[in-house]
Amino acid sequence: MTVPSPGTVVAWWEHDAITFGVVVMEEKQRVVLVTTDAREERVGASRLVAALASGPAPARTPEGRRDAAARAVAMAESVGRRSASVDVATLWDLTKESGAPIGEATLADLALAEADAPACLATVLALARDGVRFVRKASGWQPRGEDAVREIVVEREQVARRAEEKIAASAALSAAWRGEPFQTTGSAVERRMLAALEALAVYDFETPEKERALATEALQASGARGDRPSEAAFRLLRRTGRFDSDDENLAIVRFGLRTAFTEESLSAAAEAAAAGFDRTGRRDLTDRVILTIDDATTMEVDDALSILDRGNGYLEVGIHIADPCAFMAAGDPVDVDARARGTTYYFPEGKLLMIPPVLSEGAASLVAGAERPALSFLVTVDANGLVASSEIVRSVVRVAARLDYDAVDATLRDGAGAHADVLTSLLAVASRREAVRRAAGAIALRAPETEIRVAADGSMSLSRRDPDTPAQKLVSEAMILAGEVAAVWLDTRRVPAIYRRQSAPDGKLPDADPSQPDAVHIRAVRRQLKRGEAGLHPGAHHALGLAAYAQVTSPLRRYQDLSLHRQIVAVLAGRPPENDAAAMQAILASTERAESEGRRAERAMDRYWTLRWLANATGGTVTGVVVDVVPRPIVVLDETLLEQPVPALVGAATGDRVRLTIERVNPRADLLVLRPE
């Protein structure tokens, strides 16, 4: 439109809204206006939408601007009142059959019985505010069809309802955060908000962006706070009753771990346990002195050892592995559940078994004093530790005694006690076998481990395990020997199987520096070792110093081991292997993921409970060793073996021993702040 003369009251667009003012003058292709708040403003002529009333040009004085502003305000109020009186629904009813755009003057005349500029503007504002029944075109306003109007009305109602539901859900969450009972609204919006909060609490940085944005909005609306958003989301949900404990195991939720067995699985397991096992085709080894060596708390006992002196320096080691195949067949309910789980998960506060306890901790477990089915690896070793012969048989065994590591170490140290002769002979074989593997390049990286346990009452205990003790070496060498024998047996017979391999590192591993703490060497070696892998073709395992290796010693808690047992058992019975290569590949794919996720879940909860342990000592001191300084100092704490960055250790050197103050701990936020003393 052309620039109106000075003194004209006009309307123009300002940030998607209509505002009013009085023209002062035209200046440099812009219009100088006095606004409703008595300010002068310059706008482009193209932004003007209506010239509404003429009048005297405002004086460029404070009084003149006030007078002009009063005129603009009066016009805005007048247009607003007239716009509010426009009945857009009736106007639409009158014009919806027109089929063509209608001019603003015609619509104003129909709506207000006037067609002057203020009436036209008032009508246009009413149509724009309605936004439903008319759509603006170049030549006027086009009435929408009835179906289109109905759809828009429904959509707007839904938007309004969702907005109300969001306000109500936010209020409920805010009340819960303040400590009031959570009163759920039950709305779809609330369910989405709670789901988004749970995703943030469980997946943290891996939360999808859409859910993260909604969860963040919910946290802001509720006032929930924390050291990190995921912690705030957890604590808010805790107050709504979504989680039962401040120490909720979120790893179970994150990885979708099964916490209960199916009814079919439990029933089938109970029936199998009650029926017992078939002794047909099994070798009776109940006359041998067979021992189990486990932690005192172990319930699923899946390996036992015996030894016979065959003369001339030859010793026959019996590695007797629990045989759950005696109670479960491929494809039965117990097997289906076990395969879906893939492995047993061990957490400080408890475990999630792969096989129902009536079997894994009962009928199939190598319980002392009871006859049990086993798959026995009978391996004769010569005086140099080399395998002279081996045999795998299905057997019946009876464990003479259940021992724990500390008791075995005490017996070996003293050279006396129950079964001292058996244990001494087993240790002799273990030492020979270790020497053979070391000569083949095996890596003796025996890092200490800690285990934190949480009792039912929430109390915690921390224990340390030294893997270099005689008892630990005795057991580990026997298990490695069984894995080597199994791999050779399976490969020789071309039985589809899962093998464990590890390539050699690219360069020479660092030598241990006697002047440095062991933790420094252990970290340096671990960082250089290649990651192990699994596949259907045998290959060298560098760290073990073996040409081939297969895991077969934990069929009660690893499905891959169980599947190899099935392969061996079928061939021993003169049948084709239970699974062909494609089936074994499928088992490998599903169980490898389960084992990988299991390790991640276990590490996450081990760290959480270790931080809980340290939280009890907040303000106290801990000691540790600096194991790396690039890109920032990393310390391994002595008591817990926790590996933790400590940026405040400026100038620290690798190998330094340090004393640190526990300044702050928040396990749920994975926060540990340590400061040098």
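Let's start in the loop between β21 (634-637) and β22 (643-645), where threonine 640 has its place. The model you're looking at is predicted, so keep that in mind as you look around.

Is threonine 640 buried or exposed? Its relative accessible area is 4%, and anything under 20% counts as buried, so threonine 640 is a buried residue. And what does it touch, once you set aside the neighbours within four places in sequence? The list is Thr450, Leu462, Thr610, Trp613 and Leu614.

Now hop over to helix α11, which covers residues 333-341 and holds arginine 341. Even so, arginine 341 has a relative accessibility of 4%, so it counts as buried.

Which backbone oxygens lie by the polar atoms of its side chain? One belongs to alanine 260, and it lies 2.8 Å from a polar side-chain atom of arginine 341. Another belongs to leucine 353, with 3.0 Å between that oxygen and a polar atom of the arginine 341 side chain. Both residues turn up again among the contacts of arginine 341: leaving out residues up to four places away in sequence, it touches Arg258, Thr259, Ala260, Phe261, Leu353, Met354 and Ala594.

Beyond its neighbours within four places in sequence, glycine 532 is in contact with Arg501 and Gln502. How far is glycine 532 from histidine 542 in space? The two are 10 residues apart in sequence, and their C-alpha atoms are 9.1 Å apart.

## Zooming out to the whole protein

Time to step back. The protein has 18 helices and 24 strands. Its C-alpha trace spans about 125 × 60 × 50 Å along the principal axes. The radius of gyration is 39 Å, whereas a compact globule of 677 residues would come out near 26 Å.

Of the 677 residues, 47% are buried. Take the contacts with a separation of 6 or more: 66% of them are between residues 24 or more positions apart. The accessible surface is about 32000 Å², and carbon and sulfur atoms account for 50% of it. As for charge, there are 83 positive and 96 negative ones, and their mean positions are 3 Å apart.

Notes: Residues are numbered from 1 along each chain as its sequence is written. This is a predicted model: local features need pLDDT of at least 70, side-chain atom pairs count only at pLDDT 80 or more; totals for chains, interfaces and linings use all residues. Side-chain values use heavy atoms; hydrogens and water are left out. Helices (H or I, at least four residues) and strands (E, at least two) are DSSP runs, numbered from the N terminus. The radius of gyration is taken over C-alpha atoms; the globule rule is 2.2 Å times the number of residues to the power 0.38. Buried means under 20% relative accessible area, exposed over 50%, partly exposed in between (1.4 Å probe, protein chains only). Contact means heavy atoms within 4.5 Å. Accessible areas come from the Shrake-Rupley method with a 1.4 Å probe; for residues, only the protein chains shown count as cover. Lys and Arg count as positive and Asp and Glu as negative; His and the chain ends are not counted. The place of a charge is taken as NZ of Lys, CZ of Arg, CG of Asp or CD of Glu. A polar contact is a pair of N or O atoms within 3.5 Å; within protein, one must be able to donate a hydrogen and the other to accept it, and residues adjacent in sequence count only if both atoms are side-chain atoms.
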